[in-house]
Amino acid sequence: MLEYLVPRSVDRLLSTGSRLELSKARCRGMGKRSAEGTNCRFSATKLGQRTARSQPSIGYLSQQKDATRRIFFWDFVPAFQDFFASDFLLNFLRGELRKIASEKDYDRVLSDDEVELVRGEGFRVSMGKLKARSDYSEVVCYASDFMCINLGPSSLQLEVFNIPANCDITFFDRSVRLSPACRREQEVGDIVKVNAGCDVLKFIRPELDTFQLFIVSLKPRMPLLWHFDAETLEPKYCTSANLMSSRLQMAMDILVRMGRVDAIPEVIGAARSKDHFVRWSAISSVLCMDEFEGTRLLIGALDDSHPDVRNAAAAALATVKLAN
Amino acid sequence: MAITFNSTTTDQIDLGDFLELVDVSGGEMIQDVLISHADHLRMLSNNRQFLTDIINKELTDIYDFQPKNNYTAQTIMLGGVSNKFYVRANVW
């Protein structure tokens, strides 16, 4: 069931669209790959002259719940293209954006420059803005597949880089260097498809604030997001693809910053998480609040199942010994 | 346009009291109603425990941490009344 995160009139439009079906034959023709996403490296297609539909086909996606077969994000590209070309977008841009700006209780703002429009079973649609007056300090290799269409008003220049094919992206490594793939222009109407764990886009600052519509898979294919310095392209840090893990990390950081030593038992409990990202966040948080307990956890982490935790624990123990 | 209040109260209230005060103050959360709670919000912010209390309590089950929170990782949902208002903490 699609969850509609849009004002009522758009909700109605989508509800109508949910009755629209693509033929099963067409559906079968969509998937042409040997493994999930592996042949879907960066590509760009022009929306072109697809005929605008009065009802968007995105409702079709809500019907894909057959647990007996795997559903791939890229299988739905034609449906997304129909969605881009449908009256939904036109109507939304004509009227609903103004409504969003004036509605007191509109709370679907993801950030100051991104608004979520639709959330489906395995994807979300949002509208974002590339600012004309801002330089971005980092570029990111995302953990989820996504595609974006340039809504204008400016065309966009972008450089595409790739993670080297022999790199194991599941382990963060600062020695990795991006390889340039191409430089191209994304004209208004162009769709860019970005493959998780592979493609890294660097948009050149546009002359005017320029809007993009994003469709992002909600099923990450990689455990980590890699953040690179936008200038040097060197890896800076990684974050978890799992929103819950990132939130737990942030929550424990708050406890540290507010000196909640009494919360140490709960944080120690988080050090037993299945997620190595959470385990390390918990260990380092305890270390900040109680050196004795933190050192005890560090010693235990030398045998952690994840090499990043083992390496970080060894380095931290060396630092602690040096400080003492 | 943002409105700035210079509340100087040093009183403190709990999150539960704050939510109740907002809930009983009006049927519709229009701007004037919200403005009337500026002092209460300051009282809540004077309480240096409530945010970490919530985090600490929820950490007891890390696999059920903020289950209904669809915002980014920097947002902690604190509570509210369905279809009326909610309170959240953002960390930047």
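**Terms and values**

Modeller: Of the 92 residues of chain B, 16% count as buried. This is a predicted model, in which local features need pLDDT of at least 70 and side-chain atom pairs count only at pLDDT 80 or more, while totals for chains, interfaces and linings use all residues. Residues are numbered from 1 along each chain as its sequence is written, and chains are lettered from A and ligands numbered from 1 in the order in which they are written.

Colleague: What makes a residue of chain B count as buried?

Modeller: A buried residue has 20 or more other C-beta atoms, placed from the backbone, within 10 Å of its own.

Colleague: Why is the set of 45 residues called a nonpolar core?

Modeller: The name applies because a nonpolar core is a set of buried Ala, Val, Leu, Ile, Met, Phe, Trp, Tyr and Cys residues joined through C-beta atoms within 7 Å. The largest such core has 45 residues, and A:Met147 and A:Leu225 have the most contacts inside it. Another core, of 33 residues, lies apart from it and includes A:Leu255 and B:Leu19.

Colleague: How do you know that strand S8 and S9(A) pair?

Modeller: Strands, which are DSSP runs of E of at least two residues, pair if DSSP finds at least two bridges between them. Strand S8 (residues 156–162) of chain A and S9(A) have seven bridges, in the antiparallel sense, so they qualify as paired. A:Val160 stands opposite A:Cys182 in S9(A).

Methods. A residue is buried if 20 or more other C-beta atoms lie within 10 Å of its own, exposed if 12 or fewer, and partly exposed in between; C-beta atoms are placed from the backbone. Helices (H or I, at least four residues) and strands (E, at least two) are DSSP runs, numbered from the N terminus.
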